[in-house]
Amino acid sequence: MTTFEKNYDFSQDDKIYVNWEKNWYFKPDENAKNGNFCIPLPPPNVTWVLHIGHAQMLTIEDIMVRYNRMIWKKTLWIPGTDHAWIATQVVVEKKLKKEKGLTRQQLWRVKFLQEVWNFVKQSRSTIISQSKKMWASLDWSKEQFTLSERNFRAVRKVFKDLYNRKKIYKDSYITNWCSRCQTVLSDLEVKMKEEKGKLVYIKYFVTWKWDAITVATTRPETMFADVAVAVNPNDKKYKKYIWKTVQIPIINREIPVIGDYDVDLEFWTWALKITPTHDKADFEIAKRHDLPMNIYAIDKDGKLTDICGPFAGMDVEEAINAVIDHLENIWNLEKVEEYSHSVPRCDRCNTLVQPMVSEQWFVDVKEAADASFEAIDTNKINIVPSRFKKTFYQWLGDIQPWCISRQLWWGHRIPIWTCENHHQNVFDEDIILENLKDEKDYKWNIWLDMIIFNLVADSKLENIFNIEKIISTLYEDSFVKVQWKVYQAYINSYKLKAKEIGYEKEILELEEVLNSVKSEDIDVILASGEKLAWWLENSKFLEPNDDTYKLVLTCSHCDSSNLKQEEDTLDTWFSSWLWPFSVLWWPEKTKELEEFYPNTVLETGYDIIFFWVARMMFMGYYNMKEEKQDNWKPFENVYLHWLVRDEKWQKMSKSKWNVVDPLDKIKEHGADSLRLSLVLWTTPWNDLNFSDDKLDYNKRFINKLWNASRFVYNKAEIEDAEKIDYDELYNLLSENKNQLTSFDKWILSQLDELIDEVKLSMDKFYFWEAFANVQKFVWNKFCDWYIEISKYDDGPFTPTVLIYALWTIYKLLHPVIPFVTERLWDKLKFDWELIVSSFPEKLWVEKDKTINLLVDSIIALRTLRSKNNIKPHLEIDIYISNFSKSNLLKYKDIIKRIVNAKNILEDDNDEIISDIVWDLKLGIILPESEVDYKQKLYELEKKLEEEEQFLQGIRKLLSSEWFKQRANPKVIEMKEKKKEEVENKILALKEEIAKVKMKLK
């Protein structure tokens, strides 16, 4: 026998999630008939702990996913994590230093990366666990990782394709350098901090003259790498020195004075020192004037170089004051001013970031940016909200090549191999297949060679290895657990590839051998080991030496086999740019890629439009245009969510002690309360202020829904019922509409309207609007009205209507509060499970205007009671004009009961405090003992003053010629009606004031 507890216990929510996952409810429904819906989860950094921003993201995406399942779309929500190159490497390096006293250089690359992998596997399990705690109905069987075996292959393929198309190239350019992390940083990893510094005025003496050019700088330590002083050719003071030379103070190296119109005549001293290796603006000027770009004042360790004379070897921040003192001693210092300015610091370690010219890898995205601009401008890609189109246009209109190389070990190693003759070769696994074209009678297994190539290229296997090492590596767990062992991850991918290119026999043979290597049968093990060894011995790409093997690649330019792979890795964003198609198992042509590309929605924060969203568009264009033609776009819609702030509208940060842990809030209030609080009560796409008050309110709402369900459970005697079938319930009400009470019809017609409203809001991505409407319906129309009236106006189908109403409410609320609705669905014995149910259909019940009039009339009468502070238990007389002739007459007892009225009068008199509802005049008669006429007069006169001020504003607007000429005629008409309405209200208030004044005499 089912029991219905008095209170909702959200601590049991985990059991519901486990049941959903166990029954594979998060997988796409192959029987869905209304199209496809796909959304890839923006991958959180694998080192992170999920915060309130992630909770908001998961809530919004889960709402979309659950709704699309309910409207019978084949729905795929793909989970994944990002390897977070710099954050992860920094954490592991600190851990190694603290626990073992070692640096990564002491471990060498492969062993260090094994330490990182061990750390990441543990960290990733935390992310997965938290995501499940936060209710995410992700298809965990499709989990992805930016450093998975498949993604390594995808990244190399993209790099190779873009390199061959001359979109990827190597060049010297000025970038951000962190001396602590020893790598180039993107602008995203650099935080500008306002700091107090010094503005130093340095005199550069003109060669063989007593004159000097004064230059103001905040970075005097970089002057040793100056290559020129620039002045504006229009400057009367300094233009005479153009083409002459000046001397750099202290080291006395001569540099030219150049003329450049970019020198601002309003700028401090009308002259600039040009240091192209340490300043982005100077770099551009130096390029225009063909100045040297090989002189450095600061090295990669953040120390001053040998050209800095007595300051060589000093730390940059320590050297500043020493340089200033020296300048003063030799009369090259004009003055020093205190100066606040923005200083670039590494987001990971707070080290001062140095702009520095270095040789890096870049990708040219101009062509893709133009195509993306056109896709947004023509709405091929829908931006929600549309105001962010402007942000896209600004970025795309001034696009520059992107630096994609990083000086780290953790990440995607750049797939470039260089021979001793300096020839560059870009390889991916297809190099094995390309070399097979001329081989008619090969004796090795091409798929095994491809796996070995990938493992070496990924730094998971040393270039020289033995058979025991290759077996142990292949039998390691794949990082993505659903792919099982490493060798299985490769073989499952290659089976698809084999169907495209052939060699299916070889892949099945390799699978059989690797499955047997760790058999319990010793003969099977020996046979498998011998076969594996035979393949290794006969491989065209492996050089055997005693019991070891060396992977040998050949230069495509000179046939040299002495190749060395690039040490640098790719920016972590490079693999993230491929996310829309790599999560669908590209580069293989999978069923998922065919069905779910382009993705339906990309949901993310508006703060990474440039760093991620735009770049995914570029990679979609470069990699999918050939296959998808005009449908290359990575996603159809971009939904940009708001930021979560604290209750004082401050940005959350650890330094302010206002960071919210969503798991703590789930323990205190339940997951559903948190979800509602992250969606409701925000103006469209503006930041949300989060507070415990909102959580408390939504927790009360959920309890209200629980108690309403408990009432229906008892009233409809569900305890003794069998499972309730929706079709039977729907048909029963549909066939017996003529036997429904007016209130039954009213609530069903209201539900019909609500279904339409929610559908419209959901399809427009107006989630807050959809669920605010449902919440308001539950609070007001269902609980406060229909349930209360059903207690004493009970028709033969009222219990059925109550059950149907709850059935519809659960469905409408399920996308946002899935746990309590699933629990209630089960409690009321509805068939199947709510998560696999469909979106509710309308019953098409005709509206009953009389009930709407009744409801509005009762609300008005109760409001009059409340405004006049009449105690709830006190019976009063009420007034309804023409009551005996109105349609409300048959609801006399209901009105008297709800309003707590003694009599309903029809004769108007001066004692009545009135209001107008539709065409009826309503009112209450106040007991003399209850009326404070002085207070009443004060309130009425205050209200009159407000209305008169409002009327004055409208009159002023309507008398304005400017307004009359420019305003839409409909707006003018609306304002005229409003003026008339306010004038009538003022007349009514004056009448009421006159009545009250008579009472005070």
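Which residues does Asn 45 touch, not counting residues up to four places away in sequence? I found Asp 82, Ala 84, Ile 127 and Arg 348, where contact means heavy atoms within 4.5 Å. The model is predicted, so I note that local features need pLDDT of at least 70 and side-chain atom pairs count only at pLDDT 80 or more, while totals for chains, interfaces and linings use all residues. Residues are numbered from 1 along each chain as its sequence is written, and side-chain values use heavy atoms, with hydrogens and water left out.

**Asn 45 and α2**

I placed Asn 45 in the loop that lies between β1 (36-40) and α2 (52-70); helices (H or I, at least four residues) and strands (E, at least two) are DSSP runs, numbered from the N terminus. Asn 45 counts as buried because its relative accessibility is 12%, the term meaning under 20% relative accessible area, with exposed over 50% and partly exposed in between (1.4 Å probe, protein chains only).

I then checked the length of α2: its 19 residues should span 27 Å at 1.5 Å a residue, and its end C-alpha atoms are 27 Å apart, which agrees; the expected span is 1.5 Å times one less than the number of residues. Of the 19 residues of α2, 18 are buried, and the helix is followed by Trp 72, whose phi is positive, near 60°.

**Pro 815**

I looked next at Pro 815, in the loop between α27 (798-813) and α28 (818-827), which counts as buried at 2% relative accessibility. Leaving out residues up to four places away in sequence, Pro 815 touches Asp 62, Ile 63, Arg 66, Tyr 67, Met 70, Arg 675 and Phe 771. Pro 815 and Asn 68 are 747 residues apart in sequence, yet their C-alpha atoms are 9.3 Å apart in space.

**α21 and α22**

How do α21 and α22 lie to each other, oblique or parallel? I noted that they are oblique. The contact is made by Pro 662, Lys 665, Ile 666 and His 669 of α21 together with Ala 671, Ser 673 and Leu 674 of α22.

**Whole chain**

I counted 33 helices and 32 strands in the chain, and 55% of its 1001 residues count as buried. Among contacts between residues at least 6 apart in sequence, 77% join residues at least 24 apart. The C-alpha atoms fill a box of roughly 105 × 95 × 55 Å, taken along the principal axes.

Technical notes. Angles under 35 degrees count as roughly parallel, over 145 as roughly antiparallel, 65 to 115 as roughly perpendicular and the rest as oblique.
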